[in-house]
Structures are given as structure tokens and as C-alpha cells.
Amino acid sequence: MDWIKYGWLLAVVAYGCNGKLGDSQESVVSLEAGAIWIQDSRPLPDQDSLFYLDQPAPLFRKEFNSTEKIKEAMLLITAAGYYQAWINGNVVGKNVLDPVWTDYSKRIYYTEYDVTSLLNAGNNCLGVTLGNGFYNPLPLRKWGQRNLRTDLDKVGKPAFIAKLILNFENGSSQEIVTDTSWRFTYGPLLKNDVYIGVTYDAGNEIKGWQMPDFDASSWDHSLQGGDPGGQLQKAFFPPIQVTQEINPKTIYSPAPGIWMVDMGINFTGTYRIKINGQTGDTISMRFGERIYEDGTLNPMTAVAGQIKRKGMGGSGAPDIAWQEDHYIIGKPGEAWFTPEFTYHTYRYMEIRGLASQPLQEDIRGLFIHSNVKSDNHFSTASPLLNSIQEITERTFLANLVGVQSDCPAREKFGYGGDLNATSEAFIYNFDMQAFYRKTLYDWMDAMNDTLFVDTAPFVGINYCGLSWESAFLITQYYLYLYYGDLDLVKELYAADIQWMQKVARIHPEGWVDEGLSDHESLAPVPVKLTGTCHYLQCARIMISFAELMGYEKNKEEFENLAARLQGMIREEYWDKPVAGEINRQTLFATLLYHEVIPADQVTAAVDSLRQAVAEAPSGHFITGIFGTKYVLEALSRYGSPQEVYDIVNSTAYPGWGYMIDQGATTVWETWKESDNTFSNCHPMFGSVTEWFYRWLGGIQADPGHPGFKTFVLAPYMPEGLDSVSCTYHAPHGPITSKWQREEGDHYRYEVSIPEGSSAQVILPKGHAKITRIRDLMGNKDLDRMEGMETGRVKLTAGRYLLAISPDH
């Protein structure tokens with residue numbers, strides 16, 4: 001095959017010379033010229049157990065004088081680890097946990113801040129403190145074996161590089177850069193870990209250290225060093241920020257000396273708390289998603305790496321790696337505390353060490369996530385569906401902290417399988433274009449040419465196989481489909497070719513028979529089915545990409561590959577009975593979703609799928625990470641969305657409504673409720689929100705016209721639901737699909753189509769007669785249009801109100 005000839009080097013060269021990297025390279029020179037990486041002088045511990053002792057975070061400062069009137073000032077800064085910067089005592093920007101996690105040996109993103117308003121005429125001070133983040137992790141043995149200090153490509157002592165550029169009114173300029181003239185000492189943050197929390201000793205606070213004219217003569221000079229080696233690139237994606245303050249729902253005491261704070265919802269972030277006490281008192285805060293029946297904290301579903309017994313986490317590790325912060329009081333009296341350089345997943349906060357009950361106004365939860373735009377909207381007349389949508393959105397955001405994680409406490413890793421299951425659902429809810437572009441670069445840095453990896457950034461896990469690493473290619477396709485991102489296809493095409501070469505080398509017969517399958521399915525599913533179907537999906541994507549690139553021979557090769565894979569799958573899983581126990585819901589949904597079954601046999605497959613659903617508990621879905629996405633779509637497309645609606649809008653087990661009925665405020669990792677092993681904040685079953693937008697709202701992308709230049713509006717009006725209101729912000733502007741049931745089974749259907757695009761309206765059988773179309777912008781009725789009698793009309797840009805009646 002000609003496409004096999006492309007090599008990894010060609011892919012890397014193409015990646016380094018095209019697309020967004022060119023934009024960053026100009027700024028790289030401006031940051032690195034004159035500035036150096038600096039760090040403190042303390043060596044890293046030489047034994048694992050010593051990492052768990054106090055390692056106070058370093059404080060760096062640099063004073064400078066500005067004699068001219070400042071017109072504009074820009075700070076460019078990044079770190080290996082995390083940083084927080086101040087100018088004249090004021091925090092710089094709103095970002096937290098910056099820079100976002102990457103493979104620091106490959107690339108590091110820096111942020112550019114406009115700091116003009118923070119500077120004074122005369123003396124000024126720039127202060128920086130550093131946190132460990134994912135660059136200097138603890139040697140926790142997750143699951144008793146995985147150690148990030150050895151699994152990550154690059155770890156080390158935190159360091160940073162910065163440049164402050166002052167442009168004056170008179171046309172001159174001045175640069176303050178990181179060099180060895182900076183002074184450093186150690187501050188009150190004794191410990192900081194992104195998983196298990198922080199220890200802060202207020203008695204070690206240094207008043208005024210971020211201010212000019214502070215006497216730092218006793219501080220040491222910074223050392224040059226700590227450059228992790230990655231290319232510096234300007235951040236182009238939404239930063240991690242505090243997006244919401246959450247008021248506690250209740251505060252109570254389940255036992256003497258313990259205060260429990262119920263935030264009312266499960267989320268990812270930190271908190272702000274007012275603390276009172278005596279010098280030397282330690283206030284301890286633990287966090288969890290659940291409580292036990294006696295009201296005490298249950299932290300076990302959010303334990304890092306399932307470390308739950310003595311010795312499992314390695315030398316020096318806690319017996320149970322739960323989320324916990326400690327605050328040591330300095331001077332007596334009131335103080336406010338917010339932890340830095342960590343984030344927790346919790347609904348419940350346990351406080352020990354306070355002499356009296358805290359007031360509700362003394363505590364605020366701080367929801368932290370990548371601040372993606374969330375202007376899209378979906379709501380219905382069903383309170384249950386609205387609750388499912390609400391907890392799904394919250395779960396998604398809680399798992400967007402620089403990477404899209406599978407769970408934000410136990411692992412925090414960017415697994416590819418979850419991307420494949422939910423990337424379309426995320427895109428329907430948020431503007432994911434820039435975030436997913438960053439994700440794809442993470443995959444470029446994580447992958448190799450010999451085996452499949454499971455996460456990006458790579459954390460040493462490589463057992464899930466093609467269904468996880470194929471996120472690199474499948475996510476590219478969805479960025480093209482939903483955003484029309486052709487530049488990305490061109491930028492990564494050579495890498496895509498190389499990746500397909502690797503797949504052919506690892507699975508020369510075509511069967512993907514190793515890896516993880518339909519994770520958390522309630523019945524077995526062979527990876528040979530789901531994995532090979534993902535391979536088929538990738539081959540079809542490459543047909544499209546080759547056509548876009550004008551490579552006809554590549555296109556022909558991928559067409560042949562797709563035909564061969566489809567035939568193999570059909571012969572193995574449709575033409576003959578499947579031996580052994582198998583989840584027949586996932587089986588038939590997968591075959592239908594990937595269009596493996598001949599058209600004249602689809603009805604039989606749908607009947608088999610319906611039977612498999614009917615035989616399941618409560619007649620509900622028992623599918624896993626991929627099967628759930630597939631069954632929602634396949635049963636709606638080939639059966640009836642009414643059948644899906646009846647399952648989704650139910651509180652019986654298993655299902656989303658069951659989670660709601662049990663008090664869930666985020667989506668669980670499993671259909672069965674878990675109070676120990678499984679995460680209570682896991683996005684994979686959130687694929688249901690894709691179904692909301694696609695089938696109830698009816699907003700569907702057209703593969704022939706990517707980026708919603710032309711799209712489909714095909715809302716379904718199920719019995720038992722009276723209204724849906726749905727808005728999706730496409731590249732050309734907002735799309736609205738809003739319907740409401742009226743008397744006599746008639747409907748009002750309001751749509752908006754942005755400038756530069758058009759929509760094909762396709763109404764469901766039974767409600768497919770359009771009796772009137774009113775142009776709301778022109779305030780007039782439109783003449784009779786072709787297709788009104790059958791509920792199929794094409795509308796150009798504008799706002800319209802359609803009157804719909806039964807077609808019987």
C-alpha cells in the first residue's frame with residue numbers, strides 16, 4: 001500500500017511546519033530571548049519516602065524601577081509545574097493551575113497577560129511562587145504499581161521562565177526577565193500535590209514579600225536551570241479558572257469535633273474558608289463525593305489510584321490516598337484560606353480542628369475547570385430530562401482541567417476511550433475546538449511507532465489498545481465535521497497516514513483482538529467487535545481525509561481496507577450466530593451504528609436489538625462506554641426515538657434517571673451505584689446529551705457540508721414530552737430548534753438559521769405536515785414551499801415559525 005510508505009519522521013516534520021505552530025514560533029523568540037529558566041537551590045529528595053516530608057514551595061521576587069510613563073505592559077510566563085504571579089501584591093490574571101498539563105519534554109504553553117493596570121510609576125515588584133503539578137508528582141504507586149515519577153517522560157524540580165515587557169509613552173521599552181538576579185526563599189505552602197492536597201503553615205507567611213521596597217537582602221539568588229526541554233508555545237485554548245462560587249447547602253456535626261459541609265452538588269475545584277483559632281492549631285479538611293449513613297464522610301470513590309491499604313502506595317505514601325488539606329494557624333484571629341496548586345472532587349467537606357461550627361457565609365466552594373464557552377442550551381418540559389442534562393454538563397466541566405479526564409480525582413488522566421465515547425456530546429454542549437486541538441497535540445506527543453497508548457499526556461498505561469489511541473484520528477474528524485477545521489486535517493494528515501501504518505503493523509490481519517472493550521457494560525463484549533469497528537471507523541475517516549487532500553490512490557487504498565474490515569465484521573458477528581455470552585445490545589447497536597449490516601437486513605438487526613433491550617432489567621440499556629453511544633443512536637435512527645425517550649425518561653434501574661433518583665449530581669462511572677470503588681463523576685455515560693441535541697432538538701451536522709454550512713433540523717416529538725428548547729452555536733452563528741405541543745397534537749416549531757448557512761428540515765412521521773411557515777424577521781408568511789406536505793423543506797438563513805399538524 002502506498003500510504004504505508006509514509007514514516008513517523010515525515011509526520012513529525014509536517015506537524016512542526018504547518019498549522020498553529022507557525023503562529024507560536026514568532027512569540028517563542030520574544031519570550032526566550034534574554035530570559036532563562038530559574039529555580040531554587042534545594043535538591044529533590046533521593047528517596048521516595050522523603051517526598052512526603054515538608055518541601056516548602058519557593059517564593060521568587062524581582063524589583064524594578066520604571067521612570068517613564070507606561071503605555072502598555074505585558075507579562076509572558078510559564079513554568080515546569082504550576083506558578084502563581086503577583087505584581088505589587090496583586091494577583092496576575094484569573095488563571096489557576098497554569099500552565100496546563102503537557103509532556104514538558106515536548107511542549108510547554110505560556111500565557112500572556114496585560115498587566116498595565118497593576119504597575120506603578122517608580123518602584124515595582126514581580127513575585128512568583130511555584131507548585132509541583134504534574135511535573136514534580138509524589139511517587140504514589142497508583143493501583144500499587146503505577147508511579148508517575150517513572151511513568152512520565154519528564155519530571156523534575158519546578159522552575160519557571162518569564163518576561164515582563166514595558167512599552168512607554170515616549171516609544172522606548174524595557175524588559176524584566178528571569179535571571180539569577182532574582183531572589184528566592186521558601187514560603188508557607190509546606191506541601192502541595194495535585195492529588196492528595198496541601199499543607200499550609202500561616203506562621204511562615206512573609207508579609208509584603210510581593211511588594212516593592214521589601215527587604216529581601218537575606219534571600220538567596222536564584223539558580224539558572226530547570227528547563228524541561230519542551231518547545232515554548234503561546235496558549236491558544238481556554239485557561240483553567242474559577243468559574244463558579246458554590247454556597248454550602250447545609251453544615252452539620254455527625255460527631256464531636258467534626259463539621260460536615262454539604263455543598264449540594266459534586267464538582268471539581270477548591271474552596272475559600274474563614275478560619276479561627278490559636279497559634280499552632282491545625283485545621284484539617286477532607287473531601288469526598290459521598291457520606292455514610294451516619295453522616296460521616298465517605299472519601300473512598302475519590303481516592304487517588306485506588307490506594308486504600310497500608311503499603312500499597314509505596315514508601316512514605318498514606319495508607320489511604322484521600323483528598324486532604326491542612327492549615328496551621330499563625331497569628332490568633334480570623335484568616336481566609338484557599339489552597340493553591342491542587343484540586344479536589346467533592347460534594348462533602350469534612351472539617352476538623354475548629355472550635356465552633358463555621359457559618360455558611362464562611363465557606364464557598366470554587367468550581368475550577370477549563371473555561372470553555374458554554375453558550376449552548378438544551379431544556380425540555382421534563383424535569384427529569386433537565387436534571388440529566390444538568391448533571392451531565394456538570395460532569396463534563398468537572399473533567400475538563402487542561403485535559404479531558406475520565407475521572408477528576410482517582411486518575412485525572414486524558415483517556416482516549418472517553419474521548420471517542422463523548423467528544424460529540426462535549427461539542428454539542430461547549431465550544432471545544434481549541435481545547436480539542438490542544439488535546440490532539442497532546443496525542444502527537446504521547447504516541448510512538450510501536451504500540452498503542454491509552455492517555456495523552458502519556459502516563460505509562462498501554463493496555464486499552466486501538467479503541468483508546470484512535471481518539472487521535474476520530475477527534476480530528478469531529479473537529480472537521482462540527483467546526484469545518486480543514487487546516488487541522490492538512491496539518492496532521494501525514495501523522496494520520498503514519499498512524500494507519502502502525503495499526504496495519506500491529507493488526508496485520510485486520511482484527512483488533514487486544515485491548516479494552518465496552519468498559520462497564522453489564523455483560524461481556526469482545527474487543528474484537530468494538531476494536532475492529534473502531535478500526536473500520538478510522539479507515540472511513542481516512543477515505544474522507546484522502547479525498548480532501550486530493551490523494552486518489554490513498555483514497556482507493558482506504559476504501560479497500562474499509563470494505564475488507566466491514567466484510568470481516570459482518571461475517572463474524574452477523575452472518576453466523578455469535579458463540580458464548582455477549583451483550584447483545586452492544587452487539588447489534590455496534591453493527592448498526594457502524595453500518596456493517598446490509599440494507600435489506602437492517603430490519604432484522606433492529607428487531608434483535610429491540611429484543612435484547614426488552615430482555616434487560618427494566619427493559620433498559622446495559623451497555624458500556626461505547627455501546628451506550630451506539631444504542632442511543634442506532635435505536636433512534638433505525639427504530640424509533642420514542643423507544644429511547646421512554647428509557648431515558650425513567651427512574652428505573654439501570655439508567656440516568658435512576659442515578660438522579662438516588663441523589664446523583666454528577667454522572668456515575670457505573671450503572672450500579674458504588675460507594676467505594678467507582679467514581680461518581682465520570683463522563684462516559686454522558687453521551688446521552690448528544691442524543692438530546694441530535695434527536696429531541698434535532699440539530700445534526702451534515703458530513704457533506706462540514707461546519708454547519710448546511711445542516712439538518714430533524715426534531716422528534718415523543719409522546720409524553722410537551723416541549724424542547726435547544727440552541728447550538730455553530731461556526732456561522734447560533735442555531736435554534738424550539739418546539740412546543742399544542743392542542744390536537746399540533747406543534748409550534750421555531751427555528752433560527754445563521755447567516756451563511758442553510759438547513760434541511762425533516763419532520764418525523766406522524767407530525768410531518770407543515771401548514772404554515774412565517775418569516776419572523778420579515779414578519780410575513782412565506783408562499784407555499786415544496787415539501788410542506790411531507791414535512792421536508794429547505795430554509796435559508798433567518799428565523800422562522802412553523803405550524804405543524806398530524807399527517808394522518
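1. Which strands each supply at least two residues of the lining of the largest pocket? They are β4 (82–87), β18 (240–246), β20 (258–275), β25 (335–337) and β27 (363–370). Strands here are DSSP runs of E with at least two residues, helices are runs of H or I with at least four, and both are numbered from the N terminus.

2. Before you go on, remember that this is a predicted model, where local features need pLDDT of at least 70 and side-chain atom pairs count only at pLDDT 80 or more, while totals for chains, interfaces and linings use all residues. Residues are numbered from 1 along each chain as its sequence is written, and side-chain values use heavy atoms, with hydrogens and water left out.

3. Back to the largest pocket, whose volume is about 1,200 Å³. A pocket is an open set of points on a 1 Å grid over the protein atoms alone, where a 1.4 Å probe fits, with protein on both sides within 12 Å along at least five of seven lines; lining residues have an atom within 4 Å of a point. Volume is the space filled by probe spheres set on the points. Of its 47 lining residues, Trp 86, Tyr 200, Glu 205, Thr 338 and Glu 340 lie nearest the centre. The lining has 25 nonpolar, 16 polar and six charged residues. (Ala, Val, Leu, Ile, Met, Phe, Trp, Tyr, Cys and Pro count as nonpolar, Asp, Glu, Lys and Arg as charged, and the others, Gly among them, as polar.)

4. Now look at helix α8 (residues 471–483) beside helix α10 (residues 527–549): they pack at an angle of about 50 degrees, with axes 10 Å apart. That makes α8 oblique to α10; angles under 35 degrees count as roughly parallel, over 145 as roughly antiparallel, 65 to 115 as roughly perpendicular and the rest as oblique.

5. Helix α5 (residues 416–429) is another neighbour to find: its axis and that of α8 come within 9 Å and cross at roughly 10 degrees. The two helices, α5 and α8, are therefore roughly parallel to each other.

6. Finally, the second largest pocket has a volume of about 800 Å³. Its lining has 27 residues, with Tyr 477, Leu 481, Tyr 593, Arg 637 and Pro 703 nearest its centre. The largest share, six residues, comes from α10.

Notes:
Axes fitted to C-alpha atoms, helices over the stretch in contact; angles between N-to-C directions.
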